[in-house]
Structures are given as structure tokens and as C-alpha cells.
Amino acid sequence: MGVRKNQANLTAQEKRAFVNAVLALKANGGYDPFVTTHNQFIVSDVDNGERTGHRSPSFLPWHRQYLLEFERALQAVDPSVNLPYWDWTADRTATAGIWGADFMGGNGRSSDGQVTTGPFAFSGGNWRLNVNTDSRTYLRRQLGTGVAQLPSRADTESVLAITTYDAAPWNSSSAGFRNNLEGWRGVNLHNRVHVWVGGQMATGMSPNDPVFWLHHCFVDKLWSEWQKRNPGKTYLPTAGTPDVVDLNERMKPWNTVTPADLLDHSGTYTYDTGF
Amino acid sequence: MSEDTHATELTRRRMLQGAAAALTVATGTVVIGLAGPGGGAATAADPGASDSFDEVFQGRRIQGRPADGGSHHHGGGAGTGYEVRIDGDELHMMRNADGTWISVVNHYQTFATPRALARAAVNDLQGATLVPIVTA
């Protein structure tokens, strides 16, 4: 069973192993299908129709399964690798360690947003983007440009304090923990981080930037924390909801797991600490 | 004032007079039509959704118009009812439940109108061209 750690606490060896596994997955063709799958759901998840990966209750279990699939793909390359998470309430500047040349690489340059340092810089020859919104095939970032501040610890605590998982109409206008964490409502946690990073992270093809996985691993950790604080509460809705994944309904595209199956992750992975 | 400009002014004035005359006739006959849903009230209550635009923004041609939602395989499920193009290429977009808009280029950020969304995409593209979206 794996332990998912804060990226700030990884050893140099652990960082290297994670980066190398990601690069190996990219090289063997296993990475890009994850980008395609994500965007496929981004463009088809709608507020007034079927919605699975985003703007709906299954945003959290869908991404939990999506991360598990990705983590298993990395472990097929190197069994020692677990997903790390990025606590953006703590590492909140463009010069934080996560953006080092030994890990995610840095901010994009001012002329065209191109990331020019670290293992995912286009010039390194290992990170060409193939699933794109536009003609640019290099990784881009504009840290802190689209929005100045990452969510704070107080912002995050205020969302963790919402005791109802989700609410009708089960979309981007819902009250509840899920939508406030996703960020269509309230202080805006998850969406804001995508905008803060900018570049591909702001697009439907956001997994093109490997920091996507570290961001979503933290979102998953926050859900886990919420579950721990609200033992009497569960995933909603429970049954009979059109266009939305109910507690015991299987989720596309895997059609093998339900939200209920994913509520307890302790048999598969744990987190190093609480929030 | 040059003679050309003067002539143009006269022509404009005549056209306006003609339009006013036509309007007078129209108001006399189809009063309900003018005050009904075709008027400005619907647009004011629903900003952006029923307006078209076609402009050059930072050297890029951006166009937006209400569109038949049936063009998407979700049969309007895409929730759009609107189409935006940048230099002729479609920008995938959708409408949120609260009436705001998002595009595939700025997916995690909402915009009040399709025009604002199109301009934001132009800013992000920095001259790059949109490519068709691969979903399988």
C-alpha cells in the first residue's frame, strides 16, 4: 500500500523517481491518453445534461479513480512511485521548491509562456504536447497571472467546514462541499489553482502539465480530510438522479467502479498527514 | 465641410427620415410586435446570449452568434446555443447554470459574455491557431 507524501518533503531520490516515471510513461505513449480522456469529459460534462468528471457530485470520485489509474501506470514503470501532493496553501509562490529544475520546472518565460527549465521544458526533447487546444506544442505556465493569489489555509478550512457533500441541482450552481471545493461557488479552491498556474493548466487539456497530478492529489486529500471530519456524512445523491452519477452507479469511462467503491481508499493508499 | 460630406449628411438624413416614417407605419400596425419578446427586454435580461459580434481584436477576427445546439452530438446538451470562432476556427465553449460562459482555452474561469470569453482566448493564444479537439 502506498503513502502519498507532500512534495515538499520528498527526498531528491523520490523526486527523481517520480519525474523519471512520468517521462517514461510519456515516452511509451501511455501519458497522452490520460490527457485525451480528461478533455473528453471536460467538453461533454454540462450543467443541463450528463455530467461525470466535472461540475457534478462525481467530480471527486471520478478524479480519485483517474488518479489511481495514473498512479498504477507510473507504478508499472517504477513500483516505488506514489503520487505526491502539492499543498498550495503552504507552497504558494512562483519560486517555491515545487517549481525547481529538479522537479516540475519553473514559470514560463515572459515572451511566450514557454517553460524553459526542468524536465518538462520543450528544449529537453522529452515533453512535446500532442493533445492541444492550439498549435503550440510546448508546455506553458504563467504563475500568478490569471489570478494573483492561491487559496489560503483559511479559505480551505472554510470549505472543509461545509458539512453537506453536495446538493441539487447537482451542478456548477450547487451549494455544498463538492462545489465549493471544485470552485464554481464560494472562495474557489480547485478552479483557482488551475487559473493561477495558467498555460495548459487553465485549459481542458490541463493534464499536459504534470503539476496537474500534484494539484489533484491535494484535492483528493482534502476530500479525504472532509470524510474524516464528517464520519456520519456520505456521498450524495444516493439514487434516481438523472444525468448525475448516484452513489452506487458506475462511472464512465471505466464502467467498473462506483462512488461507493471509492469512499474508503485506506486499503489502496494513505496520506502522510492530515490537512 | 466638403461637398462630399455634405452630400453624405443629406443622404443620411433622408434615410433616417425614411426609417422614421416606416417606423411610424409599423407602430401603427404591429404595436404588440414591437413591445413583445423581440424587443430589448429579453436581451437585457440575458446579456450576451442573443447578441452577435464580429470584430477584430488584437489582430484576430472573433465572431460570435447564437447557434443551434443540435450541432453538438449532445443535441443542445452542450448547453451552448452559441458559437464562437477565432479566425474562422471554432472555440469550444459552454454555458454555466448561472448564465456565465467558459471555453476550452479558459476552462476554469467564467466570463460574463461570449465576447469577453473570445477576447480572453485571443489573449491566451498569443497568435497561435486553434486546432480541432481530439476526444477519442
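Modeller: The accessible surface of chain A comes to about 9600 Å², and carbon and sulfur atoms hold 50% of it. Such areas come from the Shrake-Rupley method with a 1.4 Å probe, and for residues only the protein chains shown count as cover. For chain B the accessible surface is about 7800 Å², with 57% belonging to carbon and sulfur atoms. This is a predicted model, in which local features need pLDDT of at least 70 and side-chain atom pairs count only at pLDDT 80 or more, while totals for chains, interfaces and linings use all residues. Residues are numbered from 1 along each chain as its sequence is written, chains are lettered from A and ligands numbered from 1 in the order in which they are written, and side-chain values use heavy atoms, with hydrogens and water left out.

Colleague: What share of the residues of chain A counts as buried?

Modeller: Buried means under 20% relative accessible area, exposed over 50%, and partly exposed in between, with a 1.4 Å probe and protein chains only. In chain A, 61% of the 275 residues count as buried. In chain B, 33% of the 136 residues do.

Colleague: Which residues have the most contacts inside the largest nonpolar core?

Modeller: In soluble globular proteins, nonpolar side chains tend to be buried together. A nonpolar core is a set of buried Ala, Val, Leu, Ile, Met, Phe, Trp, Tyr and Cys residues joined through side-chain atoms within 4.5 Å. The largest one here has 94 residues, and A:W86, A:W99 and A:W213 have the most contacts inside it. Helix α7 of chain A (residues 211-229) supplies the largest share of this core, ten residues.

Colleague: Which residues is A:W213 in contact with, leaving aside its neighbours within four places in sequence?

Modeller: Contact means heavy atoms within 4.5 Å. With those neighbours left aside, the partners of A:W213 include A:Y31, A:F34, A:Y66 and A:P207.

Colleague: How many helices and strands are there in chain A?

Modeller: Helices (H or I, at least four residues) and strands (E, at least two) are DSSP runs, numbered from the N terminus. Chain A has eight helices and two strands, in the order β-α-α-α-α-α-α-α-α-β from the N terminus. Chain B has four helices and six strands, running α-α-α-β-β-β-β-β-β-α.
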